[in-house]
Amino acid sequence: MNNAFTLTSEIIALSESSTWEGAKREWIFTHAFQRPESACLCGKKSIINVCIITNFINDNETEVGNCCVKKFMDMDEGEAVFISLNKLKHDIESNITGVALDMFNETGKITAWEYEFYSDVMKKRKKLSPKQIKYKVAVNRKFMTYYRDKS
Ligand SMILES: [Zn+2]
């Protein structure tokens with residue numbers, strides 16, 4: 001069976017619309033995480049980067065791999081989360097991306113103060129003070145608990 005067909009029929013089954021064009025517009029990106037050995041609706045296995053998408057009409061929720069998420073919505077956010085997670089895994093003092101930060105803020109997971117602070121320090125070229133690094137790392141750790149290894 002064709003993989004793209006499997007994905008679209010699975011999504012349509014979970015949607016109100018019975019056409020792909022209509023169904024794909026019912027879904028929004030809600031979450032991303034990394035989990036080894038995940039599977040995508042298309043049938044692809046051994047996926048690590050997983051996106052949770054939610055149907056805003058009937059509240060259905062499903063997981064898709066990063067292999068397919070771009071097929072039916074603007075997935076800049078999903079990409080940004082994975083890029084950011086990988087950066088933090090290598091260096092907890094690095095920056096998450098601007099898109100990931102906005103998303104983290106818009107979903108209400110950080111305080112207004114944290115958002116302002118992070119937006120400010122991520123632009124700085126100069127070395128941060130130990131205190132600034134401490135706050136930034138705290139936000140990074142928060143980001144990782146929300147977006148990493150949910151099982
Ligand atoms: Zn897939």
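**Close-up views of the predicted model**

View 1. Cys-67 counts as partly exposed because its relative accessibility is 28%, and partly exposed covers values between the 20% limit for buried and the 50% limit for exposed. Cys-68, with a relative accessibility of 1%, counts as buried. Both residues coordinate the zinc ion through SG.

View 2. The angles subtended by the four donor atoms run from 101 to 121°, so the arrangement is tetrahedral. For four tetrahedral donors, the ideal angle at a metal is 109.5 degrees.

**View 3. The crossing of helices H4 and H6.** Helix H4 spans residues 98-106 and helix H6 spans residues 130-147; their axes come within 12 Å and cross at roughly 75°. H4 is therefore roughly perpendicular to H6. On the H4 side, the contact is made by Ala-100, Met-103 and Phe-104. H6 contributes Val-139, Lys-142, Phe-143, Tyr-146 and Tyr-147. By class, the residues of this contact comprise seven nonpolar, one charged and no polar.

**View 4. Buried residues of helix H5.** In H5, which covers residues 112-121, the buried residues are Glu-114, Tyr-115, Phe-117, Tyr-118, Ser-119 and Val-121. H4 and H6 are among the elements that cover them.

Methods. Residues numbered from 1 in each chain as written. Predicted model: local features only at pLDDT ≥ 70, side-chain atom pairs only at ≥ 80, totals over all residues. Heavy atoms only, no water. Donors = N, O, S within 2.8 Å, 3.2 Å for Na, K, Ca; no water. Tetrahedral: all angles 85-135°; square planar, octahedral: opposite > 155°, others 65-115°. Buried < 20%, exposed > 50% of the residue type's maximum accessible area, 1.4 Å probe, protein only. Axes fitted to C-alpha atoms, helices over the stretch in contact; angles between N-to-C directions. Helix = DSSP H or I, 4+ residues; strand = E, 2+ residues; numbered from the N terminus. Parallel < 35°, antiparallel > 145°, perpendicular 65-115°, else oblique. Contact = heavy atoms within 4.5 Å. Nonpolar A, V, L, I, M, F, W, Y, C, P; charged D, E, K, R; others polar.
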